[in-house]
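Welcome! Here is a short briefing for anyone meeting this structure for the first time. Please take a look at the sequence and the model before reading on.

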Amino acid sequence: MLKQDPGRILVVVTRRIGDVLLTVPLVRSLKSAWPSARIGMLVFRGTEGVLAGNPDLDDVIVVPASQPAVETLRLARRLWRRYDLAISTSPSDRPTLYAWLAGRRRIGVMAAGAKHAWKRALLHATVPFDDLDTHTVVLNLWLADLLGLPRRFDVPMGRAEEDERRVEGLFPEFRKARFAVLHLFPKFTYKMWDPIQWRELAAWLKAKGIAVVLSGSSDPQELLYVNESADLLGRHAGDLHPLNLAGKLSFSQLALLLEGATLYVGPDTVTTHLAAAVGAPTVALFGPSNPVKWGPWPKGCDADPSPYRFRGTQVAGNVALVQGAGHCVPCLQEGCARHEGSESVCLQMLSAGTVIKATENLLAGTRTPA
């Protein structure tokens, strides 16, 4: 497809922060094949933190999720044919247009159907969009296949000396302690687990001699929830005293913490993907979401098209994916009321006992029955 190795490459990922992280293996594949290429990513504001210090990236272009027409024109002038190769990882209009603006050669993910024909015409080659049976990591790597490049599945994380100092300053024993990182708050209510079950899990961890560390972003709503939860955990689990690090760590610092964790437990969120990527024993709590498409990618995994089945609690590498019960699971909807702010009964009814059993099996190196 390319007559010569590209000198400049742009990868467009204008989606959520988890999508950005799951595109990193594609970037790693590009850099491994073309080490002298300068690679940039174009992402939405608020998602760029997960790319900080990435050794394969030379530039990160950040754009707002919505912007005035004048700003769009400025961006268009900035991008116009600046790159030898531009790659869109989504079939949506906007990333396809960005790729068309930026690249002298363009490839991307594209949905079938006549209504998408105009977008296919903007790209030189495409791979089909599969939103059901292929994991997002593998779908992105189809673009590497299209270019004839070997696949790389790893997720490199940048690391600075200040990261070590920061984590040690907040948690001096993190290199020696047995600890579990619990991520209580997903961005959307429909991915949330019941607080009472979190308390039971925390009490079990305490009984096992495993310290509890809470993670979370600096978002005000998330900070409030985690702070209140830390107080509740302390009151209902005796002298548990969880270490609350919500809002105190960058992504690279969080990755360092997770690398040393005895265990991580969290819902379908970017922190869960990060824990899996760095090799932490990870318990992922899934309800409506499709695990085949969105299950946390285990470290060292090279499965195709996905390491997960559609239904059932299961183990893949360093990840135990615990799925809520019910004949409708996974429904692929945003909660029982079909909006981001609604609860998912399958997750609310998921017991701490089920999660603890999966955790025991994961740490023992056995597989959880479906």
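Predicted model: local features only at pLDDT ≥ 70, side-chain atom pairs only at ≥ 80, totals over all residues.

Residues are numbered from 1 along each chain as its sequence is written, and side-chain values use heavy atoms, with hydrogens and water left out.

**Pockets**

- Pockets and cavities are found on a 1 Å grid over the protein atoms alone: a cavity is a set of points where a 1.4 Å probe fits but cannot get out, and a pocket is an open set with protein on both sides within 12 Å along at least five of seven lines.
- Lining residues are those with an atom within 4 Å of a point.
- Grid points are joined across faces, edges and corners, and a volume is the space filled by probe spheres set on the points.
- The largest pocket has a volume of about 1400 Å³.
- This pocket is lined by 48 residues, and Arg-16, Ile-17, Gly-18, Lys-187 and Phe-188 are the closest to its centre.
- Elements giving two or more residues to this lining are H1, strand S8 (211-215), helix H9 (220-236), helix H10 (251-259), helix H11 (270-277) and H12; helices (H or I, at least four residues) and strands (E, at least two) are DSSP runs, numbered from the N terminus.
- The lining of the largest pocket holds 17 nonpolar, 18 polar and 13 charged residues, where Ala, Val, Leu, Ile, Met, Phe, Trp, Tyr, Cys and Pro count as nonpolar, Asp, Glu, Lys and Arg as charged, and the others, Gly among them, as polar.
- The second largest pocket has a volume of about 240 Å³, and Asp-154, Val-155, Ala-277, Val-278 and Lys-299 lie nearest its centre among its 18 lining residues.
- The lining of the second largest pocket has 12 nonpolar, two polar and four charged residues, with H1 and H11 each supplying at least two residues.

**Cavities**

- There are three cavities of 30 Å³ or more.
- The largest cavity has a volume of about 80 Å³, and its lining includes Val-13, Asp-19, Phe-129, Lys-293 and Trp-294.
- H6 gives the most to the lining of the largest cavity, with three residues.
- The second largest cavity, with a volume of about 40 Å³, has a lining of three nonpolar, one polar and five charged residues.
- S2 provides the largest share of the lining of the second largest cavity, three residues.

**Nonpolar cores**

- A nonpolar core is a set of buried Ala, Val, Leu, Ile, Met, Phe, Trp, Tyr and Cys residues joined through side-chain atoms within 4.5 Å; buried means under 20% relative accessible area, exposed over 50%, and partly exposed in between (1.4 Å probe, protein chains only).
- The largest core has 69 residues, of which Ile-9, Val-11, Leu-30, Met-41, Ile-87, Leu-257 and Leu-274 touch the most other members.
- Apart from this core lies another, of 33 residues, among them Trp-193, Leu-214, Tyr-225 and Val-315.
- Ile-9 has contacts (heavy atoms within 4.5 Å) that include Leu-30, Trp-34, Tyr-83 and Ile-87, not counting residues up to four places away in sequence.

**Helix H6**

- Helix H6 (residues 136-146) is largely enclosed by the rest of the structure, because eight of its 11 residues are buried.
- Those buried residues include Val-137, Val-138, Leu-141 and Ala-144.
- Their cover includes helix H1 (17-22), helix H2 (24-33), strand S4 (83-88) and helix H12 (291-294).
- Just after H6, Gly-148 takes a positive phi of about 75°.

- S7 and S8 run parallel and are joined by five bridges; two strands pair if DSSP finds at least two bridges between them.
- His-183 has Ser-215 of S8 as its bridge partner.
- Arg-165, in helix H7 (residues 161-170), is exposed, with a relative accessible area of 52%.
- Arg-165 and Ser-289 are 124 residues apart in sequence and 37 Å apart in space, C-alpha to C-alpha.
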